[in-house]
Amino acid sequence: NLSEAAVSPRLFSLDRAYPNPFNPETTLQFSLPMQAVVSLVVYNLQGSEVISLVNQNMKPGYHSVVWNANNYSSGVYFLTMQVGDFLETQKLMLIK
């Protein structure tokens with residue numbers, strides 16, 4: 001007998017953006033072990049918010065978001081994922 005089991009993540013996590021460096025799109029993947037309010041925000045080198053990609057309540061599981069940075073200039077950006085007390089930041093490099 002075969003049965004299908006839904007695999008749920010055990011921890012909050014933000015995977016490495018792919019591709020990175022990128023032009024003009026990169027895919028951001030993350031996982032949620034439970035339903036939670038997720039914030040995914042991109043900042044520039046000066047610490048100013050560039051774009052909020054996600055700011056909503058999401059179901060548990062594996063998720064992905066594509067950032068199309070076609071209207072942004074080349075350079076280094078920082079992506080932060082915040083879910084409650086969980087906070088992770090990663091560097092993104094846009095090359096045009």
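Is Trp67 buried or exposed? Select Trp67 and have a look: with a relative accessible area of 1%, this residue is buried. Before going further, keep in mind that you're looking at a predicted model.

**Around Trp67**

A search through the whole structure turns up four aromatic pairs. Zoom in on the rings of Trp67 and Tyr72: their centres are 5.5 Å apart and their planes meet at 55°, so this pair is tilted. Tyr72 comes out as partly exposed, because its relative accessibility is 23% and the buried class ends under 20%.

Now jump to Phe12 and Phe86, another aromatic pair, also tilted, at 5.8 Å centre to centre with 35° between the planes. Colour by sequence here, since the pair links distant parts of the chain: Phe12 sits in the segment before β1 (13–14) and Phe86 in strand β7, 74 residues apart.

Next stop, the nonpolar interior. In soluble globular proteins, nonpolar side chains tend to be buried together. The largest nonpolar core here has 22 residues, and to see those with the most contacts inside it, select Phe30, Leu40, Trp67, Met81 and Leu92. Then show the elements that each supply two or more residues to this core: β2 (25–32), β3 (36–43), β4 (49–58), β5 (61–68), β6 (75–83) and β7 (86–94).

Move to β3. This strand runs antiparallel to β4, joined by eight bridges; pick Val37 and you'll find Asn57 of β4 opposite. β3 also pairs with β6, antiparallel over five bridges, and there Ser39 faces Gln82.

While you're on β6, select Thr80, which belongs to this strand. Thr80 is buried, at 14% relative accessible area. Beyond its neighbours within four places in sequence, Thr80 is in contact with Ser39, Leu40, Val41, Tyr43, Leu87, Glu88 and Thr89.

**Last stop: the β3–β4 turn**

Follow β3 into its hairpin with β4, where five residues lie between the strands and Gly47 takes a positive phi near 90°. Select Asn44, in the loop between the two strands. Asn44 is partly exposed, with a relative accessible area of 21%.

What does the side chain of Asn44 do here? One of its polar atoms lies 3.0 Å from the backbone nitrogen of Gln46, and the backbone nitrogen of Ser48 is likewise 3.0 Å from a polar atom of that side chain. Now draw a C-alpha to C-alpha distance from Asn44 to Val76: the two are 6.8 Å apart in space and 32 residues apart in sequence. Leaving out residues up to four places away, Asn44 touches Val50, Val76, Tyr77 and Phe78.

Terms used: Residues numbered from 1 in each chain as written. Predicted model: local features only at pLDDT ≥ 70, side-chain atom pairs only at ≥ 80, totals over all residues. Heavy atoms only, no water. Core = buried A, V, L, I, M, F, W, Y, C linked by side-chain atoms within 4.5 Å. Buried < 20%, exposed > 50% of the residue type's maximum accessible area, 1.4 Å probe, protein only. Helix = DSSP H or I, 4+ residues; strand = E, 2+ residues; numbered from the N terminus. Phe/Tyr/Trp six-rings, centres within 6.5 Å; stacked < 30°, edge-to-face > 60°. Pairing = 2+ DSSP bridges. Contact = heavy atoms within 4.5 Å. Polar contact = N/O pair within 3.5 Å; in protein donor to acceptor, adjacent residues only side chain to side chain.
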